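I opened the notebook to record what I looked up in this structure. The entries follow in the order in which I made them.

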Amino acid sequence: MEPENEVDESQAGPELPKLARKKPKGLLRQEKLKDLKNKKKIQKRDRKLRKASGDPKQVPRTIENTREPDSTVLHSDDEDYDQKAQDLAAEFEHDEFADYYSHLYKPKVLITYKAKPLRKVREFGKILTEIVPNSVRIFRRDASVKETIQAAINKGYTDLIIINEDRNEPNGLILVHLPDGPTAYFRLSNVIFPNKRQRKEFTDHRPEVITTNFTTGLGKTVARMLGAVFHQDAEFKGRHVVTMHNQRDYIFFRHHRYKFLKNKPYLRELGPKFTLRLQYLQEGLYDPKCGEYRWIMTDKRHKIETSRRRFFL
Amino acid sequence: MDWTYDAIIGFSNGMLKGVELKNNKFKYINLLDASLTLNNLSVYDESKIIISSKRKMLLFDLKNKKMSKKYIIRESGNIIGVFKKNNVLIAGVNNGMVVVKPIKQSKIVSEKLSAGSHLSCIREVLTLDKFATGGNENPLKIWDLETGKVEFTAKSPKPDMLQLKLPCYVSDIQFFNNNKAVVSHRHGVVDLHDPLSSQRRPVASCKAENTGFVSLRTMPDYSDYEVIVGTTKGNIFHYDFRGKFTLPVKTFRGSTGSVKSVSCINYLDQMHVMSISLDCHVRLHNFSSGKLTMQDYIVGKPVALLIKP
């Protein structure tokens, strides 16, 4: 740029004013609006043309459909898809939840809190016990998590939920499948309690459970783990649904009551609403010091989260 | 020689797969379908391997892909490791017993040795008629096979500067060619013991923070001081016991789950580190550069890795 300027000065002689006079603000806004209007006009015209030509609709680019390919997601057009699908079926036949999914036992769930829970967390636990069938909640007092696990195994519980809190706000959830693992730790956020009207609609019926959008190998394990907390045979008379939906590694928990009016489904939210985020999945029972992790994010988030289009569930 | 595979991977549901390394790809051959819970694998001879499952030891023939023999031990607890030495099968059980079973004469009652509670690891010394055991709060013991007596017992770790007791949880043991023992601990310590010296505490040790060590392997005919260990959080460290530094020489990254087993393998005339981890992947790292050469998803949960002897 500099040499050009020098040439200009020598040819043009007197120096031009460096800045042109500033346009008034109103004029600028008007111009902007005009541009916008033109742009919208062009867009509208293009849309009309596209519709008229009969081309297939374009798919918008979202983070979900441009996510980085994961090796543990099975696609039907893979080379060794059949072998892998077979292996996956064999794996699920022999893992820790195989007994549950072949109807061999009915889950019995124990819900506890941190050592001295405050009101809000107790309330949260109470609502969870109402949703999860065949569940009991206790205060574990000064018993450690490991002691609680041993006691729960001796009493024949099949799952254990421990809710942690911070400043009167539930913020963590440990889910242990008994008697021999695995253990998962979720970060719990955005807990919204059901209001009075919603609490009135709670019934004792066993809800239906839906886990959606878990695609990877890890995701499938987590979905199986979350599903195994609830009873297998739902009572359809109650018309309750518990949904655990995975989106961008966040698991959304929703509780609805449904109704069919003129063959159209209508949903009514019952609550609570909360979001789970997997922090680690551990092999075996809870053992933060010596335990082996199947997948861990704590301490190495920056190494794992290399891109915002990379998801693990 | 029936080992046509470069390695064999054993899965927790009893599946066995042979692995061949070809043209930058892993090629799998199904050896056994899922049927039993697999705990451990070890080499029997040139064409057979030993599979241990709960309280059973099974001989698996690689040639015709069938089980050939079965041994059952009468102990309460699962087998944590088996190996064959001089026509004897030696199995460690996690209730603390070591069972010595003769292979041919089935009528002779098997010998039993008590190796302390919470046994978690049993390994043979390749060059001598000895074996080593260790476990939770059960430091390294080296036994003589003939007499059945303890030859060397390591002392539990030194208390820290506040004189508090430090935990001891042996996860794996290996031996160098000069018969020095390396012990990895679940609390993130690797110790080098010298059984010949009078010192029962470790001669040298390396530490890592926030992780534990699960698997351990000495370098094959490389050096008497170098070792690679796999951690519970998915790193593989390369340690050297020479010198003062206790930090790892090199780190092999890439895994997000606990490294169940590591081994060294020769591929394309270069030393490579092969590992299986609980996030269901096989990985191959270049040893000299430390870079990840290959990785593949193997669907099942791997437990054991056997490299062609």
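**Cavities**

I began with the residues around the largest cavity: A:Leu128, A:Val132, A:Ile161, A:Leu173, A:Leu175, A:Leu226, A:Val229, A:Phe230, A:Met244, A:Phe253, A:Phe274 and A:Leu276 line it. Two elements of chain A, β4 (169–177) and β10 (273–282), each give two or more residues to this lining. I use helices (H or I, at least four residues) and strands (E, at least two) as DSSP runs, numbered from the N terminus.

I note that this is a predicted model, in which local features need pLDDT of at least 70 and side-chain atom pairs pLDDT 80 or more, while totals for chains, interfaces and linings use all residues. Residues are numbered from 1 along each chain as its sequence is written, chains are lettered from A and ligands numbered from 1 in the order written, and side-chain values use heavy atoms, with hydrogens and water left out.

The search used a 1 Å grid over the protein atoms alone: a cavity is a set of points where a 1.4 Å probe fits but cannot get out, a pocket is an open set with protein on both sides within 12 Å along at least five of seven lines, and lining residues have an atom within 4 Å of a point. Points are joined across faces, edges and corners, and a volume is the space filled by probe spheres set on them.

I found three cavities of 30 Å³ or more in the whole structure.

**Second largest pocket**

I took the volume of this pocket as about 920 Å³. Its lining holds 40 residues, and A:Arg310, B:Thr256, B:Asp279, B:His281 and B:Arg283 lie nearest the centre. By class I have 14 nonpolar, 12 polar and 14 charged. β27(B) gives the largest share of the lining, four residues.

**Interface of chains A and B**

I list 26 residues of chain A in contact (heavy atoms within 4.5 Å) with 29 residues of chain B. Buried area is the accessible area (1.4 Å probe) that two parts lose on being put together, summed over both. Between these chains it is about 2,300 Å², with 50% from carbon and sulfur atoms. A:Glu91, A:Cys290 and A:Glu292 supply 25% of the area that chain A buries against chain B, more than any other three residues.

How many salt bridges (a side-chain nitrogen of Lys or Arg within 4 Å of a carboxyl oxygen of Asp or Glu) are there between the chains? I have five. One salt bridge pairs A:Glu96 with B:Lys301, with the closest N and O atoms 3.5 Å apart.

**Backbone**

I looked up two cis peptide bonds: A:Leu178 to A:Pro179, with omega about 0°, and A:Gly181 to A:Pro182, with omega near -5°. A:Pro179 is in the loop between β4 and β5 (183–192) of chain A, and A:Pro182 is in the loop between β4 and β5 of chain A. A:His103, not a glycine, has a positive phi of about 60°.

Note on methods
Nonpolar A, V, L, I, M, F, W, Y, C, P; charged D, E, K, R; others polar.
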